[in-house]
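Morning, everyone. Please have the sequence and the model open while I talk. I'll go through helix packing and then the sheet.

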Amino acid sequence: MRVLGVDPGLTRCGVGVVDGAPGRPLRMLGVGVVRTPAEEEVPRRLLAIEDGLERWLDEHRPDIVAIERVFAQHNVSTVMGTAQASAVAMLCATRRGLPVVLHTPSEVKAAVTGSGRADKAQVTAMVTRLLRLAEPPKPADAADALALAICHIWRGSAGDKLAAALARSTPSATRTAPAARTAPPGTARPSRKEYRP
């Protein structure tokens, strides 16, 4: 599974691509930040983020896009910018037919470090170790994007397989269930022999 992790932000949007599967070594394919100038108008900044993410999607062709779930903070303007950048990432992925998953910061920290209360330094250190990097990825937004990708490979892939299995089994169940209800009231049910192939 190849996952593009996105740590949304209006000034710095972290991006990281990780290849791997549960129980197998992880491999970083790319990491970086899509930056926009603070003095630029918001619509133009969002367009720049879209252009940057499209380039990452073109280059790395991920199977899925994992984005940090936006949560409420005291600084409303920061939350708005983060939410807008997050929406751009969802749009870019959905336009290509790629699945989008959201992970909370505490979920990502717990997956990577074992503690949902880990600080950024601990997350960066574990990402560096798990991906066997020569040096920590910088800035922190880039490390967080890699952490998101790792989190989904380890935690999300099991859920993806379960959802796919349920999706495969549901159609057959829905096809056979109505058959028993289609007979009009008062009609005798067929014998068990008639159900045999």
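One definition before we start. A crossing is right-handed if the near helix is turned clockwise from the far one by less than a right angle, and left-handed if it is turned anticlockwise. Keep in mind, too, that this is a predicted model.

Now use that definition. H1 and H2 cross in the right-handed sense. Helix H1 covers residues 42-60, and helix H2 covers residues 76-95. How do we describe such a pair? Two packed helices are described by the angle between their axes and the distance between the axes. For H1 and H2, the axes come within 9 Å and cross at roughly 40°. That angle makes H1 oblique to H2.

Who touches whom? From H1, the contact uses Val42, Leu46, Ile49, Glu50, Leu53, Glu54 and Leu57. From H2, it uses Gln84, Ala85, Val88, Ala89, Cys92, Ala93 and Arg95. Sort the residues of this H1–H2 contact by class and you get 10 nonpolar, 1 polar and 3 charged.

Next pair. Helix H3 is residues 105-113, and helix H4 is residues 120-130. Their axes come within 9 Å, with a crossing of roughly 45°. H3 is therefore oblique to H4. Which hand does this crossing have? The crossing of H3 and H4 is left-handed. On the H3 side, look for Lys109, Val112 and Thr113. They meet Gln122, Val123, Met126, Val127 and Leu130 in H4. By class, the H3–H4 contact has 5 nonpolar, 2 polar and 1 charged.

Now the sheet. Strands of a sheet pair through backbone hydrogen bonds, either parallel or antiparallel. Here we have an open sheet of 5 strands with mixed pairing. What is the strand order? Read across, it goes E3-E2-E1-E4-E5. Strand E3, at 27-35, and strand E5, at 100-103, stand at the edges. Each has a single partner strand, so one side of each is left without a neighbour in the sheet. From one strand to the next, the twist averages 20°.

Let's zoom in on one pairing. Strand E1 is residues 2-7, and strand E4 is residues 64-68. They pair in the parallel sense, over 4 bridges.

How values were computed
Residues are numbered from 1 along each chain as its sequence is written. This is a predicted model: local features need pLDDT of at least 70, side-chain atom pairs count only at pLDDT 80 or more; totals for chains, interfaces and linings use all residues. Side-chain values use heavy atoms; hydrogens and water are left out. Axes are lines fitted to C-alpha atoms, for helices over the stretch in contact, and angles run from 0 to 180 degrees between N-to-C directions. Helices (H or I, at least four residues) and strands (E, at least two) are DSSP runs, numbered from the N terminus. Angles under 35 degrees count as roughly parallel, over 145 as roughly antiparallel, 65 to 115 as roughly perpendicular and the rest as oblique. Contact means heavy atoms within 4.5 Å. Ala, Val, Leu, Ile, Met, Phe, Trp, Tyr, Cys and Pro count as nonpolar, Asp, Glu, Lys and Arg as charged, and the others, Gly among them, as polar. Two strands pair if DSSP finds at least two bridges between them.
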